[in-house]
Amino acid sequence: MGMGNNKPPIVEIAHLSKSYRRGSQTIPVLEDITFDIADGEFLALMGPSGSGKSTLLNLIAGIDKADRGTIRVGGVDITTLSDKELATWRSANVGFIFQFYNLMPVLTAFENVELPLLLTDLSRSERREHVELALQLVGLTDRVDHYPAQLSGGQQQRVAIARAVVSDPAILVADEPTGDLDRVSAGEILQLMDRLVREFDKTIIMVTHDPRAAEKARIIRHLEKGILTDIDGQPASPVAGS
Amino acid sequence: MMFLLKLIIRNAFRHKLRSILTVVGIAIAIIAFGLLSTLVGLWYHGVEASSASRLVTRNAISLIFPLPLSYKDRIRQVPGVKTVSYGNWFGGIYIDEKHFFANEAIEPKSFLELYPEFILTPEQKDAFLRDRKGCIVGKRLADTYGWKIGDLITLRGTIFPGQWEFVLRGIYRGAEKGTEERALFFHWDYLNETLRKTMPRRADQVGFYMITVERPELAAEVSQAVDAIFKNSLAETLTETEKAFQLGFVAMTEAILVAIQIVSYVVIVIIMVVAANTMAMTARERIAEYATMKTLGFGGWHIAGIVFGESLVIALSGGLLGVALTFPAAHWIEVELAQFFPAFSIAPLTIGLDLLAALAVGVTAGIFPTWRGATIGIAEGLRRIG
Ligand SMILES: Nc1ncnc2c1ncn2[C@@H]1O[C@H](COP(=O)(O)OP(=O)(O)OP(=O)(O)O)[C@@H](O)[C@H]1O
Ligand SMILES: [Mg+2]
């Protein structure tokens with residue numbers, strides 16, 4: 001299997017299946033998926049529209065329920081967790097980056113980044129410290145009091161990344177993070193994600209259509225009609241840092 | 001917690017125009033509800049203000065037929081009767097029909113004894129009793145026309161034709177808020193003596209007797225006794241408590257009152273539907289945001305709090321605005337439509353009902369979106385974007 005590096009897997013997926021019901025029809029989306037993702041990996045998930053990429057990503061991130069199979073993340077089988085346990089698990093282990101940033105329009109950049117920390121027992125000043133650190137990381141210290149509508153798409157996505165990393169989760173999931181950005185902004189976002197993997201040991205699972213984005217990843221998996229075709233776009237070895 | 005509150009308030013006024021329109025709509029509904037409730041309450045209040053130990057005796061056939069003056073002494077002899085007074089509905093018109101107010105010819109001494117809630121200074125009372133052409137008016141009526149003691153007031157008679165002149169000798173105050181302060185009373189003798197000269201056949205007739213009994217429990221007994229005396233006479237009587245007498249008036253308008261009451265509730269129901277629609281629309285637009293918050297680990301209860309809180313904030317803003325505006329509206333009615341209402345003041349109970357109605361609007365409007373926001377699946381909610 002295409003292991004990206006020599007570290008032990010952080011995500012282990014076995015015999016995962018998922019289908020949706022539309023009226024009386026059952027539409028299979030994922031069929032018997034089995035694969036691992038190594039700790040510290042930067043993985044791009046590609047495939048035609050409707051192939052089930054987002055569905056797979058959502059299952060790994062614990063925001064959707066599988067029909068069959070197991071998903072072990074950091075040793076925990078998240079398919080056995082209740083909704084409430086999943087919510088707690090997500091807030092501690094997964095950071096989310098969306099195509100349309102999904103920031104709260106009524107909250108400032110600072111408040112958006114602070115949002116996940118409200119579920120922790122951090123004090124106000126500790127939260128402030130974390131938020132400032134995260135905004136510093138994405139290079140937006142001069143925009144803390146701006147509302148999303150006052151920021152460019154690239155800046156909004158950087159706020160979203162700050163929000164995703166502020167609680168220091170091991171895994172980041174990104175569904176088309178550059179899908180709504182121009183080339184320059186997209187490049188900056190990918191640069192940032194690459195840094196998160198290399199400097200901060202994050203594991204990133206990114207769904208993308210963009211070959212340029214996939215290029216940044218160290219490993220590419222292809223999904224077609226709910227089946228991993230397993231044609232790696234790149235060698236199954238770590239990309240040498242440059 | 002503070003954070004959620006901040007989020008709720010900012011969400012509530014995110015679409016300024018939509019929120020303002022909704023708030024104003026609720027405020028208007030609350031004003032209408034408050035004013036209509038007050039109106040209905042006033043009608044019954046007149047009845048409640050009447051004393052249970054006072055009886056009114058009138059012609060059994062109809063209010064418009066008179067009774068002989070000679071009944072007075074026979075009524076006084078009925079055991080349990082304390083005071084007897086009498087009077088005629090005069091129905092005089094001041095300037096024109098639009099300036100309507102009650103005016104009655106009464107026997108002053110016994111009348112003032114019977115109605116201690118009409119408060120006059122001893123000097124004014126004396127002056128009134130001494131002047132056969134004197135009259136007294138309520139404070140609110142005097143204020144309306146700027147009348148002062150000694151002024152000459154002319155009424156055009158309708159039931160009793162002619163121009164009738166009275167000298168204002170007293171301005172009474174009501175002991176209670178519900179006391180009629182928009183009425184004019186003058187000497188029955190003045191009316192009767194004039195009638196003796198001009199229409200002798202209508203003289204020595206009274207429209208109604210007013211009776212006080214020694215104890216309220218005697219009311220029923222005395223009523224029966226009075227009516228028994230005049231049974232089979234030329235003018236049979238009907239005696240009832242003042243309350244029942246007034247209720248007779250109210251009964252005529254009962255159907256209207258019920259209709260007004262229903263309208264006041266319908267107004268609230270309509271605004272409920274409108275607010276529910278707005279809230280549903282708002283929540284639908286924000287499903288992806290709620291799903292995002294859930295993604296970050298917020299639970300269904302957090303989302304429920306945010307959605308429900310927003311609904312309550314909007315509804316209660318409307319409610320408070322409505323209550324605040326109800327007072328000037330009521331004042332306007334009190335001044336401009338003074339001839340129709342003794343006093344148009346908003347009761348604390350009405351304010352309570354106003355706020356309760358606003359709360360009900362908030363709850364009803366919030367329920368469905370709250371449930372929806374709390375239970376929506378994350379993956380499904382996130383698909384609603386873009
Ligand atoms: N909630 C749902 N109800 C019904 N069908 C669904 C639902 N979610 C996804 N699907 C279906 O599952 C299939 C896979 O959807 P998914 O969103 O995972 O595709 P994708 O690979 O991410 O596509 P895209 O590249 O267009 O985002 C599609 O055919 C889609 O219509
Ligand atoms: Mg997708």
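Residues are numbered from 1 along each chain as its sequence is written, and chains are lettered from A in the order in which they are written. In this predicted model local features need pLDDT of at least 70, side-chain atom pairs count only at pLDDT 80 or more, and totals for chains, interfaces and linings use all residues, while side-chain values use heavy atoms, with hydrogens and water left out.

Student: How many residues of chain A and of chain B take part in the contact?
Tutor: Contact means heavy atoms within 4.5 Å. Counted for each chain, the contact takes 23 residues from chain A and 20 residues from chain B.

Student: What area is buried between chain B and chain A?
Tutor: The size of an interface is often given as the accessible area lost when the parts come together. Buried area is the accessible area (1.4 Å probe) that two parts lose on being put together, summed over both. Carbon and sulfur atoms give 74% of this area, and the total is about 2,000 Å².

Student: Which three residues supply more of the area that chain B buries against chain A than any other three?
Tutor: Together these three supply 32% of the area that chain B buries against chain A. They are Phe3(B), Arg10(B) and Leu296(B).

Student: Which residue of chain A meets Arg10(B) in a salt bridge?
Tutor: A salt bridge is a side-chain nitrogen of Lys or Arg within 4 Å of a carboxyl oxygen of Asp or Glu. There are two salt bridges between chain B and chain A. In the one formed by Arg10(B), the N to O distance is 2.6 Å and the partner is Glu111(A).

Student: Which helices of chain B each supply at least two residues of the side that touches chain A?
Tutor: Helices (H or I, at least four residues) and strands (E, at least two) are DSSP runs, numbered from the N terminus. By class, this side of chain B has nine nonpolar, six polar and five charged residues; Ala, Val, Leu, Ile, Met, Phe, Trp, Tyr, Cys and Pro count as nonpolar, Asp, Glu, Lys and Arg as charged, and the others, Gly among them, as polar. The helices that each supply at least two residues are helix 1 (2-12), helix 10 (287-295) and helix 13 (378-382).

Student: Is Glu111(A) buried or exposed?
Tutor: Buried means under 20% relative accessible area, exposed over 50%, and partly exposed in between (1.4 Å probe, protein chains only). Glu111(A) belongs to helix 3 (residues 109-114) of chain A. Because its relative accessible area is 8%, Glu111(A) is buried.

Student: Which residue has a side chain in polar contact with that of Glu111(A) at 3.0 Å?
Tutor: A polar contact is a pair of N or O atoms within 3.5 Å; within protein, one must be able to donate a hydrogen and the other to accept it, and residues adjacent in sequence count only if both atoms are side-chain atoms. Leaving aside neighbours within four places in sequence, Glu111(A) is in contact with Val106(A), Phe3(B), Lys6(B) and Arg10(B). The side chain at 3.0 Å is that of Lys6(B).

Student: Why is strand 3 of chain B largely enclosed by the rest of the structure?
Tutor: Two strands pair if DSSP finds at least two bridges between them. Strand 3 pairs antiparallel with strand 11 (residues 208-213) of chain B over six bridges, and with strand 4 (residues 102-106) of chain B over three bridges. Strand 3 (residues 81-89) is largely enclosed because, of its nine residues, the number buried is seven.

Student: Which strands stand at the edges of the open sheet in chain A?
Tutor: The sheet has six strands in the order 6-7-8-3-9-10, with mixed pairing. Each edge strand has a single partner strand, so one side of each is left without a neighbour in the sheet; the two are strand 6 (94-97) and strand 10 (227-228).

Student: What is the phi of Ile95(B)?
Tutor: Most residues other than glycine have a negative phi. Ile95(B) lies in the loop between strand 3 and strand 4 of chain B, and Ile95(B) is exposed, with a relative accessible area of 55%. Its phi is positive, near 65 degrees.
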